Structure formats: C-alpha cells, structure tokens
Amino acid sequence: MSSHGFLLAAYAPGSSLIHRAPLWLKFLLVVGCGMASFLIADWAVSAAVLALLCGLFLLSGAGPARLFRAVRPVLPVLAAIGLFQWWQLGAPTAARIVLNVLICVVAASILTATTPVQALLDGVASLARPFRRFGADPERFALTIAIMLRSIPFVAGAYMDVRDSARARGLERNPRALVLPVFISTVAFARQTGEALAARGLGEPEDPEE
Amino acid sequence: MTQTDHPAIARTPRRRSRWNATDLGLIAVFAALVAGSALIAAIPVGGLGVPITLQTLAVMLTGLALGPARAFAAVGLYLLLGFAGLPIFSGGRSGLGVLAGPSAGYIIGFLLAATAVGWLAVVVLARTANRTGKLRGILLFAAAMVSSIVFIHGLGILGMMVNAKLDFSKAFLADLAFYPGDIIKNVLAVSIALALHKAFPDLLLSRVRTADTRP
C-alpha cells in the first residue's frame, strides 16, 4: 500500500455512453436509486430494477467480475439479514429488503466504475463552489483533499512500521505499543505538512478577518 | 439520505475561514488516519488475542485530539471522499451504496460522535486545567463513552432499523456485540489522547488554556 494504486481499483477505463454521461447525471441516478429503495414495496419491482442496473453496469463494459467485486463486501451481512428476515417477516419482504440494498450498491458502483477518481475528486471539490459567498474557499478545500490522499499511504506505512517494531520487542499484544507511536508520528507529520504549506504561502486564509 | 452529507460540505469550508495551514494539515492527515485505520487489519488485544478494529478508535481520537470544529471537518472529509467512491470505508467498501447498508448509521454516527467528544474534551480540559492525572482521564473516558453511546450506537441502531428493517429490540441486541470492544477502544483512546496532548501541548491544550484564562 505504498502507492496510490488502491485508489484506482474501482475504475474501469472505457468510452461507453455511461462513461461519457455527465457526472451529475450519474450522481442523480445514485440518489434516485437511494430514494427508490425506500419507496419500492414489491420484491418483483426490486428485482426488475436490480436487473436493469446490472444490465447498465455490464453495458459500460466494466465486466461481470468487477460487478461481483463491487457487491461482494456486502454479501455476508445481506445473507444474514435475508435469512433472519425470511424467518421473521417471510420470503417476499426479506427478498425486497435485500434487493433494495443491492440496488443502491450497484447504482453507486456504476458511478465509481465509469468515472475516473480524478473526476470524482474534482466533483467533490466543486461542491464547495456554491458556498463561496459564505466564505468557502474551493482552492483550500481541494488542497485539503489532496493532502489527505497523499497521507493515506503514510498512515498505512506507519502502522506497518510500528507493528514490526512492536513485534521485535515482543509487544505485539499490547495495543498501546501498537497504536500510540502511529498517532504521535501522524500528528508530527501533519504539523510538518502544515509548516511546509505555510512556507510556500499555501493554505493560509486569503483575507484574515481578525 | 444524501442530505446528511451536504451540510458537511457546506459547513466545512465556511468554518475554516480562520484555520491556518497547520490546521489544514491536521484536518487532512487525521482524515487520512481514519481512512488508514479502517483499511488496516484488526489488532489482537490481550492474552486471547481478540481482534479489535481501529476505526472507531481513530474517530474518537480525532475528536479528543483536535476539538469539535476540526474533528468535524476531518471526519466529514473522510466521509465525503468515501461517499465519492474512494475505497476507504472498513472492508474496502466505498460509494453512496454504504448509506443503504445496515452499517450506514454507524458511519454517520462517526461524524457526530467525533464532534461531540471533541466539544466535551474541550470542556473537560478547561475545567481540569490545574489538575492533571486520574480525574482528567476518567472524565475524558466518560465523555468518550457518552458520545459513542449516544451517537455511534444510537445512530447504528437506527441505521439497522431503517435499512435492515429490524425492530428496535433486535437492533439493540445486535448492537450490544460492539460494546466490549468499544469500552476497550475508549480506554485506549483516552490514554493515547493524554499522551498526545503531553507530546504536543499546542495541539489543543494551549488553545483551551488561553480560552480559559481569558475572562
């Protein structure tokens, strides 16, 4: 995890209609599916919508393996809920509950499978733009996002290093020895980052109010 | 559903108008810390080696270390990027789809719990400015427990009721399984927070003290 590679896992490059659709449209699809999952009362409708979304996903050329990978993390818990609610509320209701969650998961993965990470992050950063008149600063917001992304590999690396050194000292069962050094070095790293930004004249508020 | 994260976006930059570069660095790196803690494998604790995940620990520590406003921004940034599709939620999940899952309540609860414990930590640190040691630790632990019970467990139960359609008593029972780990994590979080404030007195402590001595 020493690179940014893990951040690209979900994206499937391509030039399908869905890839070319504007970001806001895909976002609306996700929100719409989220709303629909509360409104759909019939499991057959849920199954039809899910089939439609899976078709849309495959149409983008992202492939069934990627679709399965997107759904896999939620499968164990959905199986547990499905079985429990089958016992409690009956098969149709259990099927509807599970299918409605799957609808949201597949809709969200259509968005992430067909949009490059950079476009998604630009989309997030642009969310600050309408709030500029309230004192929001889109550039500082984008800068903060960039620093966070750059820091994730540092944090993961710090955990690995600290775990290795705790093991070397025979302390691998001591949670304090496993965690405290990570937080100390993370805070130190954050402050070095802040100083580096300040030294370059970045990240300071443009017109201090005080 | 999505309305819950939009106020976060709106407020994050607005409150930041007085934050300097170091604050930005702290916010960004603590957001990365929460993300990294969600991705890292659970650590074994004690003789039996019961594994605990580190994400709630990182969330509570963000509040205890940074205070309410910056903790809100850091955890809000983490959630925002997770919703945008980065695989930084626990188990490598990502996207708005998690809001439909049974753990949605816990994820929203992180934001409120970090803010609440940050606010309570500032109160505790100001009130116990002249006393150090045990009392401060116990009060911070109480603050962490109250915040996690009200927000993480409260919203977690609500999330299971809404998304998995469990009734209250069943969701409550399902949630009970997280209490033992949470108590361990809050003890650990407070002990680490005290060490952090000792190592970096200007992180939150000196701000609290100056606020306290001001009439």
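User: In which loop of chain B is R93(B) found?

Analyst: A word on conventions comes before the answer. Residues are numbered from 1 along each chain as its sequence is written, and chains are lettered from A, with ligands numbered from 1, in the order in which they are written. The model is predicted, with local features needing pLDDT of at least 70 and side-chain atom pairs counting only at pLDDT 80 or more, while totals for chains, interfaces and linings use all residues. Helices (H or I, at least four residues) and strands (E, at least two) are DSSP runs, numbered from the N terminus. On that reading, R93(B) is found in the loop between α4 (68-84) and α5 (104-127) of chain B.

User: Is R93(B) buried or exposed?

Analyst: A residue is buried if 20 or more other C-beta atoms, placed from the backbone, lie within 10 Å of its own, exposed if 12 or fewer do, and partly exposed in between. R93(B) is buried, because 21 other C-beta atoms lie within 10 Å. In chain B as a whole, which has 215 residues, 58% count as buried.

User: Which residues is R93(B) in contact with, leaving aside its neighbours within four places in sequence?

Analyst: Two residues are in contact if their C-beta atoms, placed from the backbone, lie within 7 Å. With those neighbours left aside, R93(B) is in contact with P73(A), P87(B) and V98(B). As for F83(B), it is 10 residues from R93(B) in sequence and 9.7 Å away in space, C-alpha to C-alpha.

User: How many residues does each chain bring to the contact between them, and what gives the most on the side of chain A?

Analyst: Chain A brings 67 residues and chain B brings 63 residues. On the side of chain A that touches chain B, α9(A) gives the most, with 17 residues. By class, that side has 46 nonpolar, 13 polar and 8 charged residues, where Ala, Val, Leu, Ile, Met, Phe, Trp, Tyr, Cys and Pro count as nonpolar, Asp, Glu, Lys and Arg as charged, and the others, Gly among them, as polar.

User: What span should helix α9 of chain A have?

Analyst: The expected span of a helix is 1.5 Å times one less than its number of residues. The 25 residues of α9(A) (residues 175-199) should therefore span 36 Å, and its end C-alpha atoms are 36 Å apart, which agrees. Its buried residues include P175(A), V182(A), F183(A) and L197(A), and α9(A) is followed by G201(A), whose phi is positive, near 70 degrees.

User: Where do the buried residues of α2(A) fall, seen down its axis?

Analyst: In α2(A), K26(A), V30(A), C33(A), G34(A) and S37(A) are buried. They fall within an arc of 100 degrees, so they line one face of the helix, the arc being that of the directions from the helix axis to the C-beta atoms. What covers them includes α6 (91-114) of chain A, while the face turned away from the buried side carries exposed residues, among them W24(A), L28(A) and F38(A).

User: Which residues touch the most other members of the largest nonpolar core?

Analyst: A nonpolar core is a set of buried Ala, Val, Leu, Ile, Met, Phe, Trp, Tyr and Cys residues joined through C-beta atoms within 7 Å. The largest has 131 residues, of which A31(B), L64(B) and V75(B) touch the most other members. Domain 1 (7-116) and domain 2 (129-199) of chain A, with bounds from an automatic or database domain assignment, both give residues to this core, so it lies between them.
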